[in-house]
Amino acid sequence: MELKQLEYFMALCQELNFTRAAEKLGIAQPSLSQQIRLLEHEIGMPLFDRIGKRTVMTEAGKTLLHHSYHVFHELSQARAAISELQGLSRGALKIGVLLTVVNYLLPPTVIEFHQRYPKVELSVFGLRTGDIYEGLLKNELDLGIVFLPMEHDDLETIPLYTENLALGVPADHPLAKETFVSLTILKETPCILLPNTYFLRQLIDERCKELGFSPQPVLEMTTMESITNMVGQGVGVTVLSKGYLDYIDDKRIRTIPIQQPNMTAQIGIVYRKNKYLCAASRVFMEQLIASVKRDEGGSCVSQD
């Protein structure tokens, strides 16, 4: 069994389509089919069922995929440990960060890290919480910045700070004169929210349910920029992180604190529990924690 065969196998598991998987790998489809047949011959069982035009994994395929992740995880651990011998003079660090905080939380740490360790290849991806978890478990990310709490046997977390949520309203809206509002305002006011596959929306729905209602947004949009643009144009109000609303400083939008109940979400670092934390990961986490502490008392961070 060759590593390249496992790489081809994992790509096909993700796509479940020979043509797309071959394109993703940059090889011809017949070459991919041949390697999968050789792998199945060596395993002694089919890894995929071909049902018409559909390709689905067999139980044997699912078992092999699970162990394949561990194989590549161990290889990445070995590379990290070997790179450690050369300190921070080389290497790579991949970080998944919440879309709500990527613009204003990370830049100071990213700039400082790059200035001190310019030869370390640093990649920062704005992602949803679920995508960050998946990236960590598949060894596609080294660190994540996510909403907490998080419960997973293979992941470890470090709390960073508590983020206040606030109501964003059009500057000419009657609510713009209020000093604070209750979350029940969503019961009677047109709102624009993230879809319910996002952690932040789930948190909002949870708090609304405790107050005896479910929000009925007039629009659901998947990016913060599109939501605030709609709010700025007077389509409705929204609930987002106060830090983000302060960061964009859009004159068309007023930020109103939410009380009764106070709306907060905890932000933290997450990483694989059994992953070798290379020097780059450790130093980046230390710098990020120090950066958050320096900003304590600022407009976008309040401690528990």
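Where is Val120 found?

**Figure 1. Val120 in the loop between H5 and strand E4 of a predicted model.** Val120 is found in the loop that runs between H5 and strand E4 (121–127). Helices (H or I, at least four residues) and strands (E, at least two) are DSSP runs, numbered from the N terminus. Val120 is buried, with a relative accessible area of 3%; buried means under 20% relative accessible area, exposed over 50%, and partly exposed in between (1.4 Å probe, protein chains only). Val120 and Gly91 are 29 residues apart in sequence, yet their C-alpha atoms are 4.9 Å apart in space. Residues are numbered from 1 along each chain as its sequence is written, and side-chain values use heavy atoms, with hydrogens and water left out. Because this is a predicted model, local features need pLDDT of at least 70 and side-chain atom pairs count only at pLDDT 80 or more, while totals for chains, interfaces and linings use all residues.

**Figure 2. The whole protein, as a setting for the close-up views.** The protein has 10 helices and 12 strands. Its C-alpha trace spans about 70 × 50 × 30 Å along the principal axes. Of its 304 residues, 45% count as buried. Contact means heavy atoms within 4.5 Å; among contacts between residues at least 6 apart in sequence, 74% join residues at least 24 apart. The protein has 30 positive and 36 negative side chains, and the centres of the two sets lie 3 Å apart. In this count Lys and Arg are positive and Asp and Glu negative, whereas His and the chain ends are not counted; the place of a charge is taken as NZ of Lys, CZ of Arg, CG of Asp or CD of Glu.

**Figure 3. Val101 and its contacts.** The place of Val101 is in the loop between strand E3 (92–98) and helix H5 (107–116). With a relative accessible area of 0%, Val101 is buried. Not counting residues up to four places away in sequence, Val101 touches Leu106, Ile145, Tyr161, Glu163 and Ile267. Val101 and Arg282 are 181 residues apart in sequence and 20 Å apart in space, C-alpha to C-alpha.

**Figure 4. Gln287 in helix H10.** Helix H10 covers residues 279–294 and holds Gln287. The relative accessible area of Gln287 is 6%, so this residue is buried. Leaving aside neighbours within four places in sequence, Gln287 is in contact with Thr109, Glu112, Phe113, Arg116 and Tyr117.

Figure 5. On a 1 Å grid over the protein atoms alone, a cavity is a set of points where a 1.4 Å probe fits but cannot get out, and a pocket is an open set with protein on both sides within 12 Å along at least five of seven lines; lining residues have an atom within 4 Å of a point. Grid points are joined across faces, edges and corners, and a volume is the space filled by probe spheres set on the points. By this rule there are two cavities of 30 Å³ or more. The largest cavity holds about 100 Å³ of space. Among the residues that line the largest cavity are Leu98, Thr100, Arg128, Phe147, Tyr198 and Met224.

**Figure 6. The second largest pocket.** The volume of the second largest pocket is about 170 Å³. Its lining consists of His66, Tyr69, His70, Glu134, Leu137, Lys138, Asp154 and Arg272. Helix H4 (59–84) and helix H6 (129–137) are the elements that give two or more residues to this lining. H4 supplies the largest share, three residues.

**Figure 7. Backbone geometry at Pro149, Leu16 and Asn139.** A cis peptide bond, with omega of about 5°, joins Leu148 and Pro149. Pro149 is placed in the loop between strand E5 (143–148) and strand E6 (155–170). Leu16, a residue other than glycine, has a positive phi near 50°. Its place is in the loop between helix H1 (3–15) and helix H2 (18–25), and at 32% relative accessibility Leu16 counts as partly exposed. Asn139 is not a glycine either, and its phi is positive at about 65°. The loop between H6 and E5 contains Asn139, which counts as buried at 18% relative accessibility.

**Figure 8. Arg54 in strand E2.** Strand E2 comprises residues 54–57, and Arg54 lies in this strand. Arg54 is exposed, with a relative accessible area of 52%. Arg54 and Ala78 are 24 residues apart along the chain, and their C-alpha atoms are separated by 37 Å.
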